[in-house]
Amino acid sequence: MNENKPGDSQNLACVFCRKNDDCAIKYGEKKTNEKWNLTVHYYCLLMSSGIWQRGKEEEGVYGFLIEDIRKEVSRASKLKCSVCKKNGASIGCVAPRCKRSYHFPCGLQRECIFQFTGNFASFCWKHRPVQIITPNNYRDSVPCTICLEFITPIPTYSVLRSPCCKNAWFHRDCVQVQAINAGVFFFRCTICNNSDIFQKEMLRMGIHIPEKDASWELEENAYQELLEPYERCDIRRCRCKEGRDYNAPDSKWEIKRCQCCGSSGTHLACSSLRSWEQNWECLECRSIIYNSDFRKAKKHTLSNSNNVAITDCLLEESSPKLPRQSPGAQSKDLLRQGSKFRRDISTILIELGFQIKKKFKRLCIKKADIWTSALVEFRKQNFSPSYMIEVVFIENDNFGREHPGSKQEFLSLLMQHLENCPLFEGSLSKNLSLNSQALEENLYFEAGKMLAISLVHGGPSPGFFSKTLFNCLVYGPENAQPILDDVSDFDVAQIIIRVRNINTATNIDDLNSVINEYYNYLELIGCLRLITTSTDKYMLVEDILVYHVIKRVQVPFESFKQGLKTLGVLEKIQTCPEAFCKILCHKPENLSAKILRDLFTVHILPDVQVLGFWNSYLQSVEDGKSAITMEDILIFAAGCSSIPPAGFKPTPSTECLHMDFPVGNKCNNCLALPMTSTYKKFQENMDFALRNTLRLEKEKSSHYNGH
């Protein structure tokens, strides 16, 4: 059998339906046997009621012998179509006592069902099978799971529902196109990937599923690009002199691909990677992953169950109706789906707190030397970050007396010291400094470890990270963009300001003069360059900033980052950057009377009047009518000046005692209020106790530090 040329095929009519249309999706492939001058549509031939395939596949037309086709055409010529009223109706309804006959195109027009399986039965519009759907309160419209256009979720001829996923609806035309493209081996439910139940129902409802491989598998060199590894450095500041496309294996200029998408790359040196084994993620993947709580999708096996979650099926094969994507692009699309999940910082820290075992570790801490004593305790072999912390404060005197301490107070003092220690530089927003002694003693690691322990164990918000330091932790140093405010060195800042403020359009000589003035420094840090345009000037400024803020402290940064990995804190920072930015880069909100009123649980008070005094006192402090601040009250009662991100444990409470002055129990976060006859006396006693207690503690601390 020979096919005619495409131009001729359009002019030849099918011997069954008498139409010359050549639409493979509607009528099947159109074939012509030139020897016998015979043209047929595949579906017209297949669905004709009085013909059977008696030959081999290569004989006649699709295995239907020429003589059988002629006999069937002769038989059909005597039958009138129930739709167009013309002769040649070769297809009849198989329902008992139904005498309707029709051409295949006419049957499609009247929404008949043709079953491309078994005996290839045909059903007229009166007797066609329908989908039985349990009554339900459907919405006005739902999206077709293939084309995503909205449809009314009522089973009709043109709208079908998946038998295995009750919420999966699609157009008949959409699912037919998918079946033809996917073939029997890849045609499955668009939601749960079920194939057996789904195919059986689709065949019953008249969807033709060809016994062939998927169309995308038959394309020549369809996946050729997958065999070509991506080899290009996409870092914004590529340092390779040979160019972005240069790749030298087993050297610092070897290209490392993104572990998530594989469609972005970097030279090892450009991203400060020490070895090829280190994991690396491109900026786009990092922004997708770390703005969600959706790390890596787990693979799901195909299931025949009717109860398959929608999220499971999205991880499986995509619809053939959609353009085929590379694995890298599919990975990014999948990761993007998780960006809608936003996490609250308190919830994240509480979840991290599940790692803490019900085993106490006693820490002996000297308030006068909080850093050293904490360092000694954390470095002990029997200390584990996952143990519950029990604090004992030791007096810095000859007797070394001990008394129970507050965990919140200890962690608050530790974070205050960390903020002002030489490991960080800057005024308000701080970056890591370069301290050789701290490097030798591994103090950057210990600082990161302490910060992680503090967050998980209920410590306060650090609030002193610069945005640049935070971005380095989340997105990697190679993707951070330092600014002038990150430079704490006055001389370096002056160099940057002088270079930046010179107008290169008129004063190129002045700019080169400044560069000559700082020639030795620029050469030392590897930022010396010839300036001819404004672009060169800004690149020089950027190079100086990157060196001073990022490259100069690369070793301390890596050590600090390793410490932050304690209890999985760094991973959570990278997973939920928006939540952690609020507590690492910003100070807590100012306390108000309402916040403290809601924070403290009021126990049963024998005198209701005291509760009124307490509320009035909080309001007067907020209004500035007292030398005491809201933070002083919280320090007096709980040992810290702000509410920890993970919350207090136990919850702060107030009670009433027959005493003249208030008493703060920092171990239990309890504030005992005095019982007085008048509000004036209540206020005076509160002010006196809080002011003098906090003053004595400050004097004690400064005295010890002086010694």
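**Figure 1. Arg498 and Glu517 meet in a salt bridge.** This view comes from a predicted model. The two side chains approach to 3.2 Å, N to O. Arg498 belongs to helix α18 (residues 490-501). Glu517 belongs to helix α19 (residues 508-517). How accessible is Arg498? Its relative accessibility is 34%, and Arg498 counts as partly exposed. Glu517 is also partly exposed, at 48%.

**Figure 2. Glu67 pairs with Arg54.** The closest N and O atoms of this salt bridge are 4.0 Å apart. Glu67 sits in helix α4 (residues 66-76). Arg54 sits in the loop between α3 (42-47) and α4. The two are 13 residues apart in sequence, so the pair ties a loop to a helix. Arg54, Glu67 and Asp68 are linked in a network of salt bridges. The structure as a whole holds 18 salt bridges.

**Figure 3. Glu558 and Lys561 form a salt bridge within one helix.** The N to O distance here is 3.8 Å. Both residues lie in helix α22 (residues 554-564). How far apart are they in that helix? They are 3 residues apart, which means a separation of about one helical turn. Lys561 is buried, with a relative accessible area of 18%. That value falls under the 20% cut-off, so the word "buried" applies.

**Figure 4. Strands β1 and β2 form a hairpin.** Strand β1 covers residues 30-33. Strand β2 covers residues 38-41. The two run antiparallel, and 4 bridges join them. Look across from Lys31. Which residue of β2 stands opposite? The residue is Val40. Between the strands lie 4 residues. Asn37 is in this turn, with a positive phi of about 55°.

**Figure 5. Both faces of strand β1 are covered.** Lys30 and Thr32 are on one side. Lys31 and Asn33 are on the other. Are these four residues buried or exposed? They are all buried. Ile66 is 33 residues away from Asn33 along the chain. Their C-alpha atoms are separated by 9.2 Å.

**Figure 6. Three residues make a nonpolar surface patch.** Which residues are they? They are Leu434, Leu439 and Val555. The patch has an area of about 230 Å². Leu439 lies in helix α15 (residues 436-440). Leu439 is partly exposed, with a relative accessible area of 30%.

**Figure 7. Asn193 and Asn442 each have a positive phi.** Most residues other than glycine have a negative phi. Phi of Asn193 is near 70°. Asn193 is placed in the loop between α6 (172-186) and α7 (196-204). Its relative accessibility is 3%, and Asn193 counts as buried. Phi of Asn442 is near 60°. Where is Asn442 placed? Asn442 is in the loop between α15 and α16 (443-456). At 34% relative accessibility, Asn442 counts as partly exposed.

**Figure 8. A cis peptide bond joins Lys649 and Pro650.** Most peptide bonds are trans. What is omega for this cis bond? Omega is about 5°. Pro650 is in the loop between α27 (630-638) and β19 (653-657).

**Figure 9. The whole predicted model sets these views in context.** The protein has 707 residues, and 48% of them count as buried. How many helices and strands does the protein have? The secondary structure comes to 28 helices and 21 strands. The accessible surface is about 36900 Å². Carbon and sulfur atoms account for 50% of that surface. Now consider contacts between residues at least 6 apart in sequence. Of these contacts, 61% join residues at least 24 apart.

How values were computed
Residues numbered from 1 in each chain as written. Predicted model: local features only at pLDDT ≥ 70, side-chain atom pairs only at ≥ 80, totals over all residues. Heavy atoms only, no water. Buried < 20%, exposed > 50% of the residue type's maximum accessible area, 1.4 Å probe, protein only. Contact = heavy atoms within 4.5 Å. Areas by Shrake-Rupley, 256 points an atom, 1.4 Å probe, with all protein chains shown as cover. Pairing = 2+ DSSP bridges. Patch = residues over 30% accessible without salt bridge, like charges linked within 9 Å, V, L, I, M, F, W, Y side chains within 5 Å.
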